[in-house]
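Hi everyone, thanks for making time this morning. Please have a look at the screen.

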Amino acid sequence: MIGKLTGTLLEKNPPEVLVDCHGVGYEVQVSMSTFYNLPAVGERVSLLTQFIVREDAQLLYGFGTAQERQAFRELIKISGVGPRTALSILSGMGVADLAQAVSLQEAGRLVKVPGIGKKTAERLLLELKGKLGTDVGVRAHAVNDNQADILQALLALGYNDKEAAAALKALPADVGVSEGIKLALKSLSK
């Protein structure tokens, strides 16, 4: 029903914002990644939205990008995952990180999100497989099993997703696992 709001940002109270659209104030729930990218209060803002009607409420969820809104829509289709849980997942990890976790079937990354247990994480991975990735503008970094193993090793060593992905990009495509880890660690230590 309401697909996009453009207006003046009146209030920012995480995770809710108030957007004035020609005299009508819309309360919009946003993920923390969208929240941190909002302009200052009083500035003009444009958000893509998802309107959810429940028995006891009508709620509006806002997103900074089309990819984030699409990921939200895929998440709420899953049994047991409501809008709040979906927003929590998108607040805890970006769309690219979520797509990568799904493509590599890494339940451990989803469990780090507050409110997501092991069983929920496994169900999310199963139901989102093939639904996130290139269709939401994200490409998986791991092209083959060796690269997936190298990525897992770097994450286990404490490197964040961006550092590990950057090190993985710099590696030759046909590198073995042990040699790849050595080369990646060498590039990360610079």
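Let's begin at I52. If we set aside the neighbours within four places in sequence, I52 is in contact with A57, Q58, L59, Y61, F72, I76 and P83. This residue belongs to strand β4, which covers residues 44–53. Is I52 buried or exposed? Its relative accessibility is 14%, and buried means under 20%, so I52 counts as buried. For a sense of distance, take P114: it is 62 residues from I52 along the chain, and the C-alpha atoms of the two are separated by 22 Å.

Before going further, please keep in mind that this is a predicted model.

Now the overall picture. The protein has nine helices and five strands. What order do they come in, from the N terminus on? The elements run β-β-β-α-β-β-α-α-α-α-α-α-α-α. Along its principal axes, the C-alpha trace spans about 60 × 35 × 25 Å. There are 190 residues in the protein, and 38% of them count as buried. Looking at contacts between residues at least 6 apart in sequence, 52% join residues at least 24 apart.

What about the surface? The protein exposes about 10500 Å², with carbon and sulfur atoms supplying 51% of that area. As for charge, there are 21 positive and 20 negative side chains, and the centres of the two sets lie 3 Å apart.

Let's turn to the aromatic residues. How many aromatic pairs does a search of the whole structure find? It finds three. A pair of aromatic rings is described by the distance of the centres and the angle of the planes. Take F35 and Y36: their ring centres are 6.1 Å apart and their planes meet at 75°, so this pair is edge-to-face. The two partners sit in contrasting surroundings. F35 is buried, at 10% relative accessible area, whereas Y36 counts as exposed, at 64% relative accessibility.

Together with F63, Y61 and F72 form one aromatic cluster.

Let me go back to F35 for a moment, as there is a charge to point out. The charged end of K12 sits over the ring of F35, 5.5 Å from the ring centre.

Helix α2 deserves a second stop, at E74. Is E74 buried or exposed? With a relative accessible area of 9%, E74 is buried. Leaving aside neighbours within four places in sequence, E74 is in contact with L128 and K131.

Next, some backbone geometry. Most residues other than glycine have a negative phi, and most peptide bonds are trans. The peptide bond from P14 to P15 is cis, with omega near 0°. You will find P15 in the loop between β1 (4–13) and β2 (16–21).

Then there is H22, which has a positive phi of about 55° although it is not a glycine. H22 lies in the loop between β2 and β3 (24–30), and at 80% relative accessibility H22 counts as exposed. Q105 is another residue other than glycine with a positive phi, near 55°. Where is Q105? It is in the loop between α4 (95–103) and α5 (107–111). Q105 is partly exposed, with a relative accessible area of 35%.

My last stop is A173, in the loop between α8 (161–169) and α9 (177–188). A173 is exposed, at 59% relative accessible area.

How values were computed: Residues numbered from 1 in each chain as written. Predicted model: local features only at pLDDT ≥ 70, side-chain atom pairs only at ≥ 80, totals over all residues. Heavy atoms only, no water. Helix = DSSP H or I, 4+ residues; strand = E, 2+ residues; numbered from the N terminus. Buried < 20%, exposed > 50% of the residue type's maximum accessible area, 1.4 Å probe, protein only. Contact = heavy atoms within 4.5 Å. Areas by Shrake-Rupley, 256 points an atom, 1.4 Å probe, with all protein chains shown as cover. Lys, Arg positive; Asp, Glu negative; His and termini not counted. Charge placed at Lys NZ, Arg CZ, Asp CG, Glu CD. Phe/Tyr/Trp six-rings, centres within 6.5 Å; stacked < 30°, edge-to-face > 60°. Lys NZ or Arg CZ within 6 Å of the ring centre and 35° of its normal.
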